[in-house]
Amino acid sequence: NSLSSNAQTQITDTVTVANAALPKAGGTMTGTLQLADQILQRPEIKDYSETKIAVAAAATVDLDMTSANVFTVTADQNTTFTFSNPSPSGRSCSFTLVWTQDSSDRTITWPNSVKWAGGSAPDVTSGSGKIDIYTFFTLDAGTIWYGFQAGADMS
């Protein structure tokens with residue numbers, strides 16, 4: 001098994017390690033690239049996705065920004081939402097919540113930090129299986145979240 005002249009190898013009894021740089025053009029990376037809150041500057045992003053998770057219905061539901069950027073919940077009781085782990089101050093982060101109503105017309109209580117257009121939260125759509133979509137973003141580490149009903153009765 002030969003290695004290119006760009007690769008440096010270290011061979012032990014059980015492990016072979018190859019340290020080689022990606023080519024300046026082309027090349028493929030696989031797996032997770034952990035940037036640890038470092039800057040990826042001037043990328044062009046094509047065919048990207050955001051992590052979506054279904055959160056379990058409960059009296060209090062925390063939407064943790066380190067878990068996903070899109071959350072779905074199918075209500076089975078009135079719900080109070082909390083938001084945790086936003087980007088640090090000086091950066092922005094956003095997320096989307098997809099709420100599916102059950103047959104008992106559940107209510108939502110939002111954190112006091114959410115600011116809505118016109119000063120009050122929009123009504124939740126009434127009716128079993130009705131879907132409302134909400135988007136939120138913060139510029140100050142979650143001190144203020146700007147909330148928008150992106151879609152009402154999307155079912």
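A residue is termed buried when its relative accessible area is under 20%, exposed when over 50%, and partly exposed in between (1.4 Å probe, protein chains only). The structure described is a predicted model, in which local features need pLDDT of at least 70 and side-chain atom pairs count only at pLDDT 80 or more, while totals for chains, interfaces and linings use all residues. Residues are numbered from 1 along each chain as its sequence is written, and side-chain values use heavy atoms, with hydrogens and water left out.

The predictor's confidence in each residue is expressed as pLDDT, from 0 to 100. Its mean over the chain is 87, and 87% of the residues reach 70 or more. Over residues 1–17, however, pLDDT stays under 50. For this segment the model has 14 contacts (heavy atoms within 4.5 Å) beyond four places in sequence. Where pLDDT is low, the predicted coordinates should not be read in detail.

Strands are DSSP runs (E, at least two residues) numbered from the N terminus, and two of them pair if DSSP finds at least two bridges between them. Strand β6 (residues 79–84) pairs in the parallel sense with strand β4 (residues 60–64) over five bridges, with V61 opposite F81 of β6. A parallel pairing over two bridges also joins β6 to strand β8 (residues 108–109); here T80 stands opposite T109 of β8.

Two salt bridges (a side-chain nitrogen of Lys or Arg within 4 Å of a carboxyl oxygen of Asp or Glu) are found in a search of the whole structure. One is formed by D102 and R106, whose closest N and O atoms are 3.1 Å apart. D102 counts as buried because its relative accessibility is 15%, whereas R106, at 21%, counts as partly exposed. In the other, the closest N and O atoms of K130 and D153 are 3.4 Å apart. This pair links distant parts of the chain, 23 residues apart: K130 lies in the loop between β9 (114–116) and β10 (131–138), and D153 in the segment after β11 (145–151). Both partners are partly exposed, K130 with a relative accessible area of 26% and D153 at 39%.

D64, in strand β4, is buried yet has no salt bridge. Not counting residues up to four places away in sequence, D64 touches F71, S84 and N85.

Methods: Helix = DSSP H or I, 4+ residues; strand = E, 2+ residues; numbered from the N terminus. Lys, Arg positive; Asp, Glu negative; His and termini not counted.
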